[in-house]
Every structure is written in structure tokens, then in C-alpha cells.
Amino acid sequence: MSNPLRVGIAGLGTVGASVIKLLERQSAALASRTGRSIEVRAVSARERGRERGVDLAGLRWFDDPVELAKSGDIDLFVELIGGAEGPAREAVEAALAAGKSVVTANKALLAKHGMALAALAEKQRVALAFEASVAGGIPIVKTLREGLAGNEIRRVYGILNGTCNYILSRMELEKLSFEQCLAEAQRLGYAEADPTFDIGGFDAAHKLAILSTLAFGTAVDADAIHVEGIQSITLADLEAADELGYRIKLLGVAERGERGIEQRVHPTMVSKTSAIAQVMGVTNAVTIDADAVKELTLVGPGAGGEATASAVVADIADIARGIRSAPFGLPVSMLDHSARLPMQRHEGGYYIRLSVHDRPGAVAAIATRMAERQISLESIMQRTRPGKRASISTGAPVPVILITYATSETTIREALAAVVADGYIAERPQVIRIERD
Ligand code: HSE
């Protein structure tokens, strides 16, 4: 058997502690599979004395993760600190510069500095592995980079944030408010320290930036992602979706079309019969459309100590075996820098919920504004306010829901601006894009 692989771990939260336990539990199997023993030799965390359920006796302790990253005691540095800047970034850069391979679960770091870090890893001829950074325990990085190397990928989309999926699922199934469901997600430990990262779509955007690069061989460009969160979704939308044969999911979508690459995160209507619509609760899912394999959906735990540790340990095992893939599947110099398609040029169907003053001609005026711009309506649904059925219109607002056939984002926004200017509606229109299967 070769020399042991000496591992240093920075960040001993739920994931860090689970990595130590999993490496211990699977130590014999991992040694057989990789031909080397994998030994955690040193650790670093903010608080030394905290109870973590792991025995740190015998491991060298570093107060400073950068010192651990550079230490001669380790061959491989595992970064589980989090955050795009500060100690996480400094320690990863220090490890790579010192010629050590790095395993990280840090999506924010990769979304912001992935290109520079991949270039540094390439220059130093070491590995930079990040399976745990996207969709926790789902091996999506390896699937895109290695498993589908023989495919041309057209679209990759998924439920990339468990907190949002948990909130939307509970709101839909139990008719609870957004606030109640968010509080529950926080209590269960799904949400990020700052839950705006989850519900605002930013966590999903970081993950999408990584997926898009792996799928299309383009430079990481998180700033080009159109991001909307789930804060505006109401029970009225979830109920209307259900009636119309849809479910609402926060999706991250990266798609290569003839006009360019789209990258977007927003609440989305998905057909109730699609694979992605079946995924409820904190679970993540990623669907890939590719020429040879056609459609592939991977479903699994997107967060949690053991599930995320599973991905970290898989990367450690690869490095123990001597595998050093280009982090994003291609040498950095070959990653394509072409511009992404702006959201205004997105084309697809739309769900629109309007609160319309119940007056003669209101719906006709709305339909005219759509028709003027060649927007074709697939369905139009006006609801009577519960218990308010009257033989004459009262002028009070009633919900009107439109489903459009494919049109462009610019066209729909122009039509809605004209509808607002006409003065028939009482609130800002709700717009949710429909994703085709
Ligand atoms: N807060 C994230 C989620 C966890 O809800 O999916 C892992 O990124």
C-alpha cells in the first residue's frame, strides 16, 4: 500500500464533524478502494472546546486555518469554513500555492473566485474538488464532468435550494404562510445563517454558476445570473398552479440555445407530471437534457451533515487514488467567455395573476394589451371572491389568472406596463415563468 494521504480539515461544523466520522467509519473500505489509508492529521475551527461528537485527541490543532493549509503535516486541505472571502479564500489559496490539493464545499467561493482558484490549481498541478458545493449528497459534479463527457448538454435545471423547496412544499400541502414555513426551516437547520441567501435565490445562483460551467464549458459568471427569490409567492399562486396542472418550484436553469446561454434562478411553474415536480420537502433534484442520454434526473439530499460529508469523502477518495481532473472539466484557458443571454430575451410561457377591478371592459382591455403585442393566451381564469357572488359587478378587485403561450420577457413586461397604465388593476401583477418539460 502507498503512503497514507494526510488530511487537514478547516471548519468543524455539522459537515466537518460528519466528514471525520465518515472517514473513520469507512476507513477500511476506503483504504481498499483507493489503495491508501486516509488519515485526518490536523484540524482548525473557531472554538477549540466545543462538543462535536468526535474525538480530536491525537489531531494537531490550528487556530489559524491558513497555517493548517500551509502545514507540512498534511497533503490535502479540506475547506468547510464557508464564505466567498476571508479565512476560507485565504486558506484555499494558501493550500494551492503550497502545492496541496483542496476539497471544498464552498459554493460562494467557487461562484466568485472559481476561475482564479482553478487556474492556480492547474498551475500547481494539484486537484481542486468541490462535489459537495452543489446539491449536497447528489454526485452532480462528477455526473456532468465525467459521467456525461460523451454528451452535448442542452439544459441543466433543478431544485438547488432545499429551504425554498421545503417552504413551497409545506405552503402548498398544509396551506401555511411563508413566514411559518421559513421559521420551521430555520428551526430544522436547513436555512443558511442568513436566510435571505436561501429565499432570495442567491444560494441556488451560486450552485447554478458551477453547474452551468460544468455543463457548457463556459467561464464561471455568477454575476450574469438573473436571480429572483420566492418571497412574492402566495397561497393564491400555489392554489392556482394546482388547478392549472402545475407546481411552483424555485428552479435554477442553465440552457444553451441558438441565441446564447441563459442562466436564471426564479420561481417556476413546472408541469405536475414532470420528474422535478414530484420532489417535495428539503430534497434537491437536478435534471439534465443531453443529446445522447436524453433526460436524466438525479434526486437526493441537498444538505445535512452526513449527505454533504458523502460528497466530501468521495472527493478525498479521488485524490487518494491520484485522480486530478480539470476542476471545471476543461483547462481554464479553454473555458468559453461568450456573453450570457440577458433575461429580457428569455422566451417561454407565463403565468400572470392580476388583481382586476371588477368593471365592464376590464378583462377585454387586458386581452387587447396582450393581443396588440401578439401574445397568445392559452387560458384565462377569473375568480369570484368567496362569498361575494353578485349579479352586478362592484368594481372591487378580483383575481384574474392568465396563462400565455411562448412570448418574450420584454414583450410580457411591456404588455403588463400598458395594463397597469390603463388603471384596471389594483396591485402589482404577479408573473411566474413556465418551464417546459
Ligand atoms: N441552505 C442550503 C439549502 C443548504 O437550503 O439547500 C446547502 O447549500
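First, my pairing rule: I call two strands paired if DSSP finds at least two bridges between them. Strands here are DSSP runs of E with at least two residues, helices are runs of H or I with at least four, and both are numbered from the N terminus.

Ground rules before I go on. This is a predicted model, where local features need pLDDT of at least 70 and side-chain atom pairs count only at pLDDT 80 or more, while totals for chains, interfaces and linings use all residues. Residues are numbered from 1 along each chain as its sequence is written, and side-chain values use heavy atoms, with hydrogens and water left out.

**Entry: strand 11**

I started with strand 7 (residues 153-159), which pairs with strand 11 in the antiparallel sense over six bridges. The link from strand 11 to strand 12 is a hairpin through three residues.

How many of the eight residues of strand 11 are buried? My cut-offs, with a 1.4 Å probe and protein chains only: buried is under 20% relative accessible area, exposed is over 50%, and partly exposed is in between. By that rule seven of the eight residues of strand 11 (residues 283-290) are buried, so the strand is largely enclosed by the rest of the structure.

Next I traced the open sheet of six strands, which has the order 3-2-1-4-5-6 and parallel pairing.

I then walked through some of the pairs. Strand 1 meets strand 2 (residues 38-44) in parallel over six bridges, and Ile9 has Val43 as its bridge partner in strand 2. Strand 1 (residues 5-10) is also joined to strand 4 by four bridges, in parallel. There Ile9 stands opposite Val78 in strand 4.

Strand 4 also has four bridges to strand 5 (residues 101-104), and these two run parallel. I picked out Glu79, which stands opposite Thr104 in strand 5. Strand 4, helix 4 (residues 86-97) and strand 5 form a right-handed β-α-β unit; right-handed means that, with the strands pointing away from the viewer, the path from the first strand over the helix to the second runs clockwise.

A reminder to myself: in a regular strand the side chains alternate between the two faces of the sheet. In strand 4 (residues 76-79) I looked at both faces: Leu76 and Val78 on one side are buried, and so are Phe77 and Glu79 on the other.

**Entry: loop residues**

Phe130 sits in the loop between strand 6 (128-129) and helix 6 (140-147). Phe130 is buried, with a relative accessible area of 1%.

Ala135 is found in the loop between strand 6 and helix 6. I flagged its phi, which is positive, near 60 degrees, in a residue other than glycine. Most residues other than glycine have a negative phi.

Gln374 went on the list as well, a non-glycine with a positive phi of about 60 degrees. Gln374 lies in the loop between helix 13 (362-372) and strand 14 (377-382). Are these two flagged residues buried or exposed? Ala135 is buried at 1% relative accessible area, whereas Gln374 counts as exposed at 68%.

**Entry: the ligand**

Last stop. The surrounding residues are Lys107, Asn161, Gly162, Thr163, Tyr190, Glu192, Asp198, Asp203, Lys207, Gly302 and Ala303.

For polar contacts I used pairs of N or O atoms within 3.5 Å; within protein, one must be able to donate a hydrogen and the other to accept it, and residues adjacent in sequence count only if both atoms are side-chain atoms. Polar side-chain atoms lie 2.6 Å from a ligand oxygen atom for Thr163, 2.8 Å for Lys207 and 3.4 Å for Asn161.

Methods. A residue is near a molecule or strand if one of its heavy atoms lies within 4 Å of it.
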